[in-house]
Amino acid sequence: GGVRTALFCWLFARKHGGRFILRVEDTDLSRSTDDNIRIIEEGMAWCGLTWDEGPVQGDPGAWVGPHGPYRQMQRMDLYKAKIQELLDKGLAYRCRCSRETIEARRKTVEAAGKVFQYNRGLDRGKGCADSNHDASQPAAIRFRMPETGDILVADLIKGDTRFPADSLDDWIIARTGEGPGEIGVPTYNFCVVVDDTQMEVTHVIRGDDHLNNTPKQIPLFEAFGTELPAFAHVPMILGADGAKLSKRHGATSITEYQAMGLLPSAVRLALARLSWTPKIDGHAVESAEEELLTDAQMIQLFDLADCQKSAARFDIDKLQWINQKLIQRSPWQELEPHLRPFLPELWDLKPAAWRELAITATQKGKSLTDMAEALRFAFERPADFDEKAVAKFMTPAVKPALTEVAALVDYSHEALETAFNGILERHGLKTKDLAQALRVALCGRPVSPGIYDTLMLVGRDEVVARLQRWL
């Protein structure tokens, strides 16, 4: 879900010549571990969502862009200065209410059948806003929200949504500091407003689980006297069964899809199609060929107006179908860097012509891991053999033909085909008889690429060595 949202931001920025910003919002210290941040950066980079501004991958102290640092915990001085500005203007105030006190008031309000609102409704007059607390004791900081009228959220996907001001309480913009007068760690909703302003953000595209945060943020933009960015809230992702996406629907981390042998381009395309229906010449894409869009086509066609409002359903089978189609139509040079991590070091020692053959011979695979598994025979001798296949294909009639194959010298495709035709004719065999026996001898099982490709990939000397066991 996070990468899908980032993808929409990336497509939008690329289409309009804008800047795509990666900002690490790490004020929730329990969730923002170094490992989690690393996974985000690696997942984004692997998926091809290169950022114009943001942290340098793997280096917490470095960044690119004029508005760094791009990790919120490294921007505390700016946030605290902005909070002090609000305090000085009377737009924020210190709150010493303990968690226990607030919880007790909440229970009283809810027992009366009302929704608890800090210092609003049935709780009015009981909060710290009327106490004029100074900085003599540790306190949280609350933002003073408007009490009348509506807060309008103009959304580029969902349309206009109005939130009555009196339904929103004064929310905490900084947690309780450690000492008197100290401003504690600011909260997410406060930090993003300061960052959006400082980083000159024009469009905020995020998940619709943030929609209820927006009416809190809009008055804060106004308090700072800054222009609102445009908001677009994309719907959440569900599993194919309509339930909330979970592990049972397949991998939920982008790095897991990398390990499954999926192409970044397939993941980008599959994620883009969640909640977005591109239009070509005014009509929604329908055919399989139209669905297989390139990055350039997606950038050209992307329009927030074509994004749906309802939740999207993720289908792992559709992702794997896209992956297989993109593997089949990709030039071998484009596939190689993605396939390389799944192959042994010996791959790098092979000549380009051999590597080209290896890839083109296995491009029917559904994934890069399928391709790598289909090529294992080319790097190692079989450790065991399919007993049923041995019994079925290693017949006395085929062994003289195997002897002739072992004597072949020319391993060009044309020469192998000519030689095979002669061998089959002399021994009265069908192509399948000889090909399956060779596959068992060379690969341990009756499955491999085309038999001529298999021989060429194993190589003459190794073919002879592997056949000796059967002759």
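In which helix do Glu85 and Lys82 both lie, and how many residues apart? Both are in helix α3 (residues 76-88), three residues apart, which is about one turn of the helix. Helices here are DSSP runs of H or I with at least four residues, strands are runs of E with at least two, and both are numbered from the N terminus.

This is a predicted model, where local features need pLDDT of at least 70, side-chain atom pairs count only at pLDDT 80 or more, and totals for chains, interfaces and linings use all residues. Residues are numbered from 1 along each chain as its sequence is written, and side-chain values use heavy atoms, with hydrogens and water left out.

The side chains of Glu85 and Lys82 meet in a salt bridge, 3.7 Å from N to O. A salt bridge needs a side-chain nitrogen of Lys or Arg within 4 Å of a carboxyl oxygen of Asp or Glu. Side chains of opposite charge can pair when their charged atoms come close. By this rule the count comes to 28 salt bridges.

How open is this pair to its surroundings? Glu85 is partly exposed, with a relative accessible area of 26%. Lys82 is partly exposed too, at 21%. The cut-offs are these: buried is under 20% relative accessible area, exposed is over 50%, and partly exposed lies in between, using a 1.4 Å probe and protein chains only.

Now take a second bridge. The side chains of Asp306 and Lys279 meet at 3.6 Å, N to O. Asp306 lies in the loop between α10 (295-301) and β14 (312-314), and Lys279 lies in strand β12 (residues 279-280), so the pair ties together parts that are 27 residues apart in sequence. Asp306 is buried, at 16%, whereas Lys279 is partly exposed, at 42%.

Arg340 counts as buried at 19% relative accessibility. Bridges can also link up: Arg23, Glu25, Arg75, Asp195 and Asp196 form a network of salt bridges.

Next, follow helix α2 (residues 34-46). It has 13 residues. The expected span is 1.5 Å times one less than the number of residues. That gives 18 Å, and the end C-alpha atoms are 18 Å apart, so the two agree. Its buried residues are Ile37, Glu41, Gly43, Met44 and Trp46. They pack against α1 (2-15), β1 (54-56), α7 (254-259) and α8 (264-272). Just after α2, Gly48 takes a positive phi of about 85 degrees.

Arg268 counts as buried at 10% relative accessibility. A polar atom of its side chain lies 2.7 Å from the backbone oxygen of Cys47. Arg268 also touches Leu7, Gly48, Leu49, Asp295 and Met298, among others, not counting residues up to four places away in sequence. Contact means heavy atoms within 4.5 Å.

Finally, the cores. In soluble globular proteins, nonpolar side chains tend to be buried together. A nonpolar core is a set of buried Ala, Val, Leu, Ile, Met, Phe, Trp, Tyr and Cys residues joined through side-chain atoms within 4.5 Å. The largest has 97 residues, and Leu49, Val267 and Leu457 are among those with the most contacts inside it. Apart from this core lies another, of 34 residues, including Ile83 and Trp171.

Methods. Polar contact = N/O pair within 3.5 Å; in protein donor to acceptor, adjacent residues only side chain to side chain.
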